[in-house]
2 protein chains.
Amino acid sequence: MQNLSHDIEKYILDLLEGVEDNFISLRRKELAEMFECVPSQINYVLRSRFTPEQGYLIESRRGEHGYIKILRITCEKTSEKISHINEIIGDEITFKEARKLLAALQSRRMITGRERLLIEVALKHITDSGHDEDTEETAYLLRNMLGGLMGA
Amino acid sequence: MQNLSHDIEKYILDLLEGVEDNFISLRRKELAEMFECVPSQINYVLRSRFTPEQGYLIESRRGEHGYIKILRITCEKTSEKISHINEIIGDEITFKEARKLLAALQSRRMITGRERLLIEVALKHITDSGHDEDTEETAYLLRNMLGGLMGA
DNA sequence: TGCGGTTGATTATCACTGACCTATAAAATA
DNA sequence: TATTTTATAGGTCAGTGATAATCAACCGCA
């Protein structure tokens, strides 16, 4: 027995394992009742463990028939790929180096041309907004974006 | 079984699927009778699910021979897509609004789940890095990213 | 002793309803 | 024919109940 948040995370992960479409719908209230906790605890778990950076998207509706939908973007376990990429990126990376990496990833079919474009636009935004190139922030964002894609 | 609004939405969507011209005409009263609800329920569904932001335009006429016409916007040319999206985004957009737009774009098959995730991570990066939410910068980056995609 | 975890009061949003409002066309009337 | 009346359609808005989100305060362990 770890803790409540961990158990809820595990439960959601198990649910996601068992479906085809890479998404599940659930009721916040019901889940809270199941774990005998306040509903806001569910939000905490989602906020801390099912972020876009971790490869998940959350959709929800309030009111009658409200729900929370959790989408997993990638399913394959590729922790090796991730750590490999993170190793390459490191704590700092220039825009130029980043572009090289992205080109390599595309040629290996790990990302599409469109995805590469999106990442480059985002990285360029950072580079353009600061006076000097912020290689740390670039590395941070790149890790987050690629990590989300590969499924941390 | 979801809920009434969802069923009505589904029905309208099905109707739209089955026509050539990307629009349908219907009677509010008849539809309300079909679903055994008050007529204003139809307005609610249209207002909440068939907005321009979601790619639809509504025309209507009151009085005898009244009708409601639902038009699905399809942007053939890339320049149309881009200007349409730019119009929706405008000069400022909140992270929340952006997420809604991205969900709508994905449901219209204009972006993939992975692409949506990448954009959300990038937008989240902006939101997180400032003290206050910078709706102008969010709009700027979002226009750049989506504009790039539509052109690709 | 700082940070993740936990809690519950408050706030925001969604689905739905119904009373009242506005617009239109056809029929009635002058 | 021109005007008024009537029937019939859709529009608006605020209220209610059911959810979910947020936020700030507290807890507890390494």
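The model is predicted, so local features need pLDDT of at least 70 and side-chain atom pairs count only at pLDDT 80 or more, while totals for chains, interfaces and linings use all residues. Residues are numbered from 1 along each chain as its sequence is written, chains are lettered from A in the order in which they are written, and side-chain values use heavy atoms, without hydrogens and water.

Around DNA strand D there are 25 residues, a residue being near a strand if one of its heavy atoms lies within 4 Å of it. Those that come nearest are N43(A), R28(B), N43(B), S60(B) and R62(B). Helices (H or I, at least four residues) and strands (E, at least two) are DSSP runs, numbered from the N terminus.

Of the atoms of DNA strand D within 4 Å of the protein, 64% belong to sugar or phosphate and the rest to bases. An N or O atom in the side chain of R28(A) is 2.9 Å from a base nitrogen. In R28(B), a polar backbone atom is 2.6 Å from a phosphate oxygen.

β2(A) and β3(A) pair in the antiparallel sense over six bridges, where pairing requires that DSSP finds at least two bridges. I58(A) stands opposite I70(A) in β3(A).

Definitions and conventions
Polar contact = N/O pair within 3.5 Å; in protein donor to acceptor, adjacent residues only side chain to side chain.
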